[in-house]
Amino acid sequence: MKKNTIALALLSALLATPAAAQNDDAKAELVRLKPNDFPTAPIEYTVVYPAGGGMDVTARLLAKYVEKWSDHRIIVNNRTGGAGMVGHAYLATQAKPDGYTVGIIANLMWGDAMLRAQGRWTYTDLEPIGYLNSDALTWVGPTEGPYKDMSVKQLVETAKDKPGTLRVATVPGSMWDYLIEQVETNTGAKVLRVPFQGGGAGINALAGGNVDIAQGFYSEFRGLADAGKVRPIGVAASERLSFLKDTPTMNEALGGNEYQWFVIRFAVVPKGAPEDRKAYLGAAIRAAMKDPELVAEYLKAGVYFDPKLTDPSRMQANLNAYAEAERAFYVKTGRLK
Amino acid sequence: MEAIGGLLTGFGVILTLDNLFVCFLGSMIGTLVGVLPGVGPLAALALLLPITFTMTPVGGMVMLASIFYGAMYGGSTTSILLNIPGEAASVVTCLDGHQMAKQGRAGAALGIAAIGSFVAGTLGVIVMTFFAPTIATVAIRFGPPENFALMVLGIVCTLFMITGSPVKGALMVALGFLAAAVGIDVVNGRERFTFGSVDLSAGIELLAVVIGLFGVTEVLNNVEKVVKSTLVAERIRGLWPTVADWRASWRPMLRGSGLGFLLGLVPGGGPVTASFMSYALEKRLSAHPDGFGKGAIEGVAGPESANNAAVAGSIIPVLSLGIPSNAVTALLLGALVIHGVQPGPLFITQRPDLFWGIVASMYVGNVLLLVLNLPLVGLWVQFLRIPYRVLFPIVLLLSIVGVYSANKNVFDLWVMLGFGVAGYVLSKLKYDLAPFVIAFVLAPLLEQSLRQSLAMSPDGAMIFVQRPGTALMLVSSAILVALMVRRKPKGGS
Amino acid sequence: MFERALNAFWILLGAAAATYAWTLGLIGASGPESGLFPFLAGLIIMGAGVVLLLRPLSEHVAPDFPRGDALWRVLGVIAGLAFMAISIPFLGFAVAGFITMVILLHTVEKSSWWFSLALALVAIVVVVWLFGWILGMALPRGPWGW
């Protein structure tokens, strides 16, 4: 825990100095880009998940700093339902593209667009205007019981030897499921999938001894991990997380390169929003994202910043690349034709 | 005893002018939110969360927590006066509370509700003070099989609440299950009964159902009669509970406190479930169960205590472990994070000022709320004197805003209207509406925990026997059903 | 008569629900599938409908539906609420609410025009102020921006 604090302090210091200079640039750009007639009313940041959750916290922190840098009022609105489906459909089909509605969403939207939208909208109906952060899905194991010291490799071996005994928490129809599926296909292991409504619920079940492996994000298990009730054992990212230096990646543990599942959080507006307003909204978010305080807050939550997306000029292209890679996965696994 | 030390720290933190003011403000807002039909603590907390950013973490959390339990105080007011629930946890209070109001005893009902809430809230916080970490460690072991057994117990309790024809009651319970199935099946992500509608894929909103079935139906029933200018024709007989009321109420209050506290601890439990089960428990234990639904004060004392105790119960896992048991506590958790606090088992040792400050604020808040609410009884009762022709449009307008505030979706207003008309028609044909709502609330939890239990069990259904807590609860349910069947020839039709 | 129709409705509803649930699958590899609970619920509804339908006429409940003025009042409330739901997306909350309040006040309970308009205005202003401004809830706006 102490290591984390020092790391955070160093990181913040590193980011602070050049960031301060960048802040002034960002603020100047913001003033330059502001359209005359906009905004005249509060801007709505739509979050498609319930209040208090990881996405909601991200959005509220962002709103706090955007308000600080740009002086326009922001109202964070939760449009929940259908595990995000209702909110995504609203943003893509009903929200007026006048710049007053900004969606703070995650790449989970792509799954909804490709698998569940039934042709009514596609992910290109939502245009990204700013990248926030990324969060890698992490496997978490118990600190009590027969599995308490096992690594991912050992647990997978157990699942191969005794199929149908290892209980793994999952969230049906999403990357939680896909990661388990990949592991099972590649290693021949067979686990018991226990469905939950979110990663957090699965981690709580793990702490209570009701499942053996849970999947979630750092912000969801950090409190329990620090207290020694659970321990992270594998990260589904391309490299180790800076604050979980001792936790191997799933690729390291199991070999190969395909165990990469992460949440990308970004802001969008409905297609067709006026270009000047889009540019202004994007600039406002960029200004906030350069604020070292906001960066520090985000880092505390255990996110990382994907270098492919932090450059605004390449952000949209790379996001689309990720989206198409996900589509390829769906086609390969038979979920899409 | 370190708990006493912690508590003293907490009082030291809370008894400053700033924090006291914030506690008071939150309690008032919570009461107001509870009174307004439809707008519940979840909506209020979501709306007011940004305001807490400018406060210190202690101030912000104290305010949010006080809104939560304040709403449980206020929720009974419209239930009793207008037969319209302030939020879902106050639905059962309508059943007997409003009947009491019609008999001119609104004051007594409101008084008992306030006092029951105070007793339960305070008892809950006392238990929290001394036993929070221990309780939390036990509560975390509550897994899907235990949840399932608890929900079965809940459904069995629902059967006790059925008045009138058991066939119609069973039909309403089954309808509740059916309505609850609309939406996405959380266990495998598939859509059920949505027929391609995005709105339906989110499921049917509980608040719209509750306000429709109990609010709109009530208004429709009332405007049909040429209502004498005011809603309650009876002269209002005194504002305070009588000695007889006290004697009848004190045991339900204690039982409600205990039951509510326990139900607050478990995931998916909380004030709503606690209020239903307390009502059913009181009816089961009462010497005159037929009096329920006609103005039995036990039907107010028990549930109102239960929903307040459930608040204390549900805050324990959040503060002790960083684990939320329902949507409101999930929001409180998010608020902690935004304030830069890391929730989790180490929270109590890392930030004792914050932990004990919140606990101490609950003592203070409960006292404040009692002091606020008792004198207000006299004021609320005056509302009954407003001519109904003025009252009902305002109530409907507030209901519309309240329902809309849940998901910001106009579709919910149609749901409200639809259930209102359906409830109106069904009540004319002597169908009981409460069992539908309870089944609607419990069914998803029951189904989910059953399927989760089976998914996590290598031995299939044996898991229900292998785990002691589960087995115990299931056996209790079976016994209760047997008792019920045996009692029937004496009681129902 | 009405009750027989309702019972028939229950039977149809139960049957339809059970059939649809059947297509969702009842039992799968790891226990109940999506369709099991709705299927059972549908069966119970159907069964209850049959039992109720077969009851002797003496046990039937004759619902006292309103007639005349009372009926108009009930329909008026329903119409008011429906109007609100239909028009909010077009007129915004404030205007739709104002018109609905006037409908409810004037046509259902026959308050005078003057009183209805005044009270509706006050009510809407207070509600929009309380929820829209103080609590910061985003109430739908009409084409005129509020």
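The side chains of E144(A) and R141(B) meet in a salt bridge, 3.2 Å from N to O. A salt bridge here is a side-chain nitrogen of Lys or Arg within 4 Å of a carboxyl oxygen of Asp or Glu. Across the interface of chain A and chain B, the rule finds one salt bridge.

This is a predicted model, in which local features need pLDDT of at least 70 and side-chain atom pairs count only at pLDDT 80 or more, while totals for chains, interfaces and linings use all residues. Residues are numbered from 1 along each chain as its sequence is written, chains are lettered from A in the order in which they are written, and side-chain values use heavy atoms, with hydrogens and water left out.

## The interface of chains A and B

How many residues of each chain are in contact? Chain A gives 41 residues and chain B gives 42. Contact means heavy atoms within 4.5 Å. The area buried between the two chains is about 3500 Å². Carbon and sulfur atoms give 59% of that area. Buried area is the accessible area (1.4 Å probe) that two parts lose on being put together, summed over both. In chain A, R60(A), P195(A) and N210(A) lose the most area to chain B. Together they make up 15% of what that side buries.

Eight residue pairs are in polar contact between chain A and chain B, both residues at pLDDT 80 or more. A polar contact is a pair of N or O atoms within 3.5 Å; within protein, one must be able to donate a hydrogen and the other to accept it, and residues adjacent in sequence count only if both atoms are side-chain atoms. Several elements of chain A give two or more residues to the side that touches chain B, among them α2 (54–70), α3 (85–94) and β7 (192–195). Helices (H or I, at least four residues) and strands (E, at least two) are DSSP runs, numbered from the N terminus. α2(A) gives the most, with five residues. By class, this side of chain A has 15 nonpolar, 13 polar and 13 charged residues. Ala, Val, Leu, Ile, Met, Phe, Trp, Tyr, Cys and Pro count as nonpolar, Asp, Glu, Lys and Arg as charged, and the others, Gly among them, as polar.

## Other salt bridges

The structure holds 30 salt bridges over all chains. Three of them are listed here.

| Pair | N to O distance |
|---|---|
| K271(A) and D125(A) | 3.3 Å |
| E157(A) and K160(A) | 3.9 Å |
| R190(B) and E33(C) | 3.8 Å |

K271(A) and D125(A) link distant parts of the chain, 146 residues apart. K271(A) lies in the loop between β10 (262–270) and α10 (275–289) of chain A. D125(A) lies in the loop between α4 (108–116) and β4 (126–136) of chain A. Buried means under 20% relative accessible area, exposed over 50%, and partly exposed in between (1.4 Å probe, protein chains only). K271(A) is partly exposed at 46%, whereas D125(A) is buried at 16%.

E157(A) and K160(A) both lie in helix α5 (residues 152–161) of chain A. They are three residues apart, about one turn of the helix. An α-helix has 3.6 residues a turn, so residues three or four places apart point the same way. E157(A) is partly exposed at 35%, and K160(A) is partly exposed at 38%.

R190(B) lies in the loop between β1 (183–184) and β2 (191–192) of chain B, and E33(C) in the loop between β2 (31–32) and α2 (36–53) of chain C, so the pair joins two chains. R190(B) is partly exposed at 33%. E33(C) is partly exposed at 22%. In chain B, a network of salt bridges links D185(B), R192(B), E447(B) and R451(B).

## Helix α6 of chain A

Ten of the 13 residues of α6(A) are buried, so the helix is largely enclosed by the rest of the structure. The buried residues include W176(A), Y178(A) and E184(A). At 1.5 Å a residue, helix α6 (residues 175–187) should span 18 Å, and its end C-alpha atoms are 18 Å apart, which agrees. The expected span is 1.5 Å times one less than the number of residues. G188(A) follows α6(A), with a positive phi near 80 degrees.

## Backbone exceptions

Most residues other than glycine have a negative phi, and most peptide bonds are trans. A cis peptide bond joins F38(A) and P39(A), with omega about -10 degrees. P39(A) is found in the loop between α1 (2–33) and β1 (43–47) of chain A. Q118(A) has a positive phi, near 55 degrees. Q118(A) lies in the loop between α4 and β4 of chain A and counts as exposed at 55% relative accessibility. F193(B) also has a positive phi, near 55 degrees. F193(B) lies in the loop between β2 and α9 (198–201) of chain B and is buried, at 9% relative accessible area.
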